[in-house]
Amino acid sequence: GCHSSAAAPALPPSIMAPPGPASAPSSSGRDPTMFSWLGTDDRRKKEPEVFQTVSDGLKKLYKTKLLPLEESYKFHEFHSPALEDADFDNKPMVLLVGQYSTGKTSFIRYLLEQDFPGMRIGPEPTTDSFIAVMHGDTEGVIPGNALVVDPKKPFRKLNAFGNAFLNRFVCAQLPNPVLESISVIDTPGILSGEKQRISRGYDFAAVLEWFAERVDRIILLFDAHKLDISDEFSEVIKALKNHEDKIRVVLNKADQIETQQLMRVYGALMWSLGKIVNTPEVIRVYIGSFWSHPLLIPDNRKLFEAEEQDLFKDIQSLPRNAALRKLNDLIKRARLAKVHAYIISSLKKEMPSVFGKENKKKELIGSLGDIYKRIEREHQISPGDFPNLKKMQDQLQAQDLTKFQPLKPKLLEAVDDMLANDIASLMVLVRQEETQRPNPVVKGGAFDGTLDGPFGHGYGEGAGEGIDEAEWVVARDKPAYDEIFYTLSPVNGKVTGANAKKEMVKSKLPNTVLGKIWKLADIDKDGMLDDEEFALANHLIKVKLEGHELPSDLPAHLVPPSKRKIPE
């Protein structure tokens, strides 16, 4: 054991080896034999692999441990295509889903503060294609057929969905600071009614499911003005099952209705979502008007600002959590691949080798539910990890069950080992990468508008009140505070902590808060308050009682004039 740990720090120089063509063939040529030779050596199994970066680690684990299991049991035909390097390297992606005319394209425009190539906006169903809005040095549109052959983009496996889909898939590239850290995917408006579903020509829900597996955030948009969840929409939301942790909801166009209406619409939305999305926790809904037009009904401006701030924070955290998300999705995938292997190998075991294959196949597909239950018991797997029964039965109809592989314990052991050991060592690396990297935050576009200056969130309110006035803001109410001050029998112009406390607890604020206020107000830290400090303490109590947060340090404009340091 100690031998390997001593060798570990000596690894990084390998990064410095020139990535020239000379080193590439030799390493790839040596790889397979090297691993088969190492496989016989038991000592190696005990030590988790050593990785340089999280994405390298994920790639390697996937290729050496999970992929063999997937290939052996036809995982890619049943569930989802093999992962590619680009899936591990790409930027965080945000998927926008919503019925037509809920403002998806306008929302992207609002974030980027710039039109993107190929965007169309209007009340009728305009966006009838999937548009991946990504960063590029020049503006332009890449059609779907060209996109799926580009190895640098994470879309190669979409060619499985056929031409009808590829003709409706484009990538809009443009130089935009927001897109330097995230990509956004605009989807066709979801339609109500039966006929549109037939006319799509490709499996819309399956495409969305493919994206859901690979994106970092799914934003469902609803229109507060005409809230209705069509059949296709609820089907789509059901296709996002297992990715509930990525879903956020935006109730858009909320400025077009009165407050009372808005409360009702919000309630109705939660009620409908509760029936479709089955998670124990409440899905987070952001209410607002996400476009750059004036608010129609400005009553709820404050609410919209706060909600927008929260949504921006959520999107801005994506680059930071990207590695964790990829790790998480790989674990989900590995669990499904294991269950799938058990199902396929069980079917193989039951198949006769000579006669009555067809009848046995029918019987097995019919009793797939019982096979699920047996696997659940034998391998202690929770029912939530199993693939959808009906869908699995449909897919099995087209398969030749005799060609399935029997159970190969070695392949499953490799995946178990990956989940038990390698993932844990990657987690440590994720944390390290997070601390070493400068804080990656989404910048540019709408994300910059509210950072500084008078339109920043909460500017000039609460503790920030009076920030740009020449007068000391506390002086306005100081006469009232002074009257109280002189009833507390000050000595040498100061009241003691005990006397000040009697007065301050009348605010009914908890001691933790009052303690913080005391720390902020007692500027010279002498354990007493003079008249200015006392007035300041009361001002801060007022700030807190009005529902604002207290600052962690006293802002310059609140320091009493007599206590301000004379600038040298």
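1. Lys 361, Ile 365 and Gly 366 of helix H17 meet Gln 393, Leu 396 and Gln 397 of helix H19, where contact means heavy atoms within 4.5 Å and where helices (H or I, at least four residues) and strands (E, at least two) are DSSP runs numbered from the N terminus. Helix H17 covers residues 357-366 and helix H19 residues 389-397, and the two pack at an angle of about 170° with their axes 10 Å apart. The axes are lines fitted to C-alpha atoms, for helices over the stretch in contact, and the angles run from 0 to 180 degrees between N-to-C directions. H17 and H19 are therefore roughly antiparallel to each other, given that angles under 35 degrees count as roughly parallel, over 145 as roughly antiparallel, 65 to 115 as roughly perpendicular and the rest as oblique. Their crossing is right-handed; a crossing is called right-handed if the near helix is turned clockwise from the far one by less than a right angle, and left-handed if anticlockwise.

2. On provenance, this is a predicted model, in which local features need pLDDT of at least 70 and side-chain atom pairs count only at pLDDT 80 or more, whereas totals for chains, interfaces and linings use all residues. Residues are numbered from 1 along each chain as its sequence is written, and side-chain values use heavy atoms, with hydrogens and water left out.

3. As for the chain overall, it has 25 helices and 10 strands, and buried residues make up 45% of its 568 residues. Buried here means under 20% relative accessible area, exposed over 50%, and partly exposed in between (1.4 Å probe, protein chains only). The chain exposes about 29400 Å², of which carbon and sulfur atoms supply 56%, the areas coming from the Shrake-Rupley method with a 1.4 Å probe, with only the protein chains shown counting as cover for residues. Of the contacts in the chain with a separation of 6 or more, 78% are between residues 24 or more positions apart.

4. On the H16 side the contact is made by Tyr 342, Ile 343, Ser 346, Leu 347 and Glu 350, and on the H18 side by Leu 368, Ile 371, Tyr 372, Arg 374, Ile 375 and His 379. The crossing of H16 and H18 is right-handed.

5. Helix H16 also holds Asn 328, which counts as partly exposed because its relative accessibility is 34%. The C-alpha atoms of Asn 328 and Ile 423 are 9.6 Å apart in space, while the two residues are 95 apart in sequence.

6. Ala 82, placed in the loop between helix H6 (75-78) and helix H7 (85-89), is buried because its relative accessible area is 16%. Leaving aside neighbours within four places in sequence, Ala 82 is in contact with Tyr 62, Leu 67, His 76, Asp 87, Lys 157, Arg 214 and Arg 333; of these, Leu 67 is 15 residues away in sequence and 7.5 Å away in space, C-alpha to C-alpha. Lys 153, in the loop between helix H9 (144-147) and helix H10 (163-166), likewise counts as buried, because its relative accessibility is 12%. With neighbours within four places again left aside, Lys 153 is in contact with Ala 86, Met 134, Leu 147, Cys 171 and Gln 173.

7. Lys 74, in the loop between helix H5 (54-72) and H6, has a positive phi of about 55° although it is not a glycine, and it is partly exposed, with a relative accessible area of 25%. Asn 492, in the loop between helix H22 (478-487) and strand E9 (494-496), also is not a glycine and has a positive phi of about 50°; at 76% relative accessibility, Asn 492 counts as exposed.

8. Helix H22 also contains Glu 483, which is exposed, with a relative accessible area of 61%.

9. From the record, UniProt places the feature "domain: EF-hand" (unreviewed entry) at residues 509-544; its positions are given in the numbering used here, feature names are shortened, and annotations may be inferred rather than shown by experiment. In the model, the span 509-544 is 69% helix and 8% strand, and its end C-alpha atoms lie 9 Å apart.
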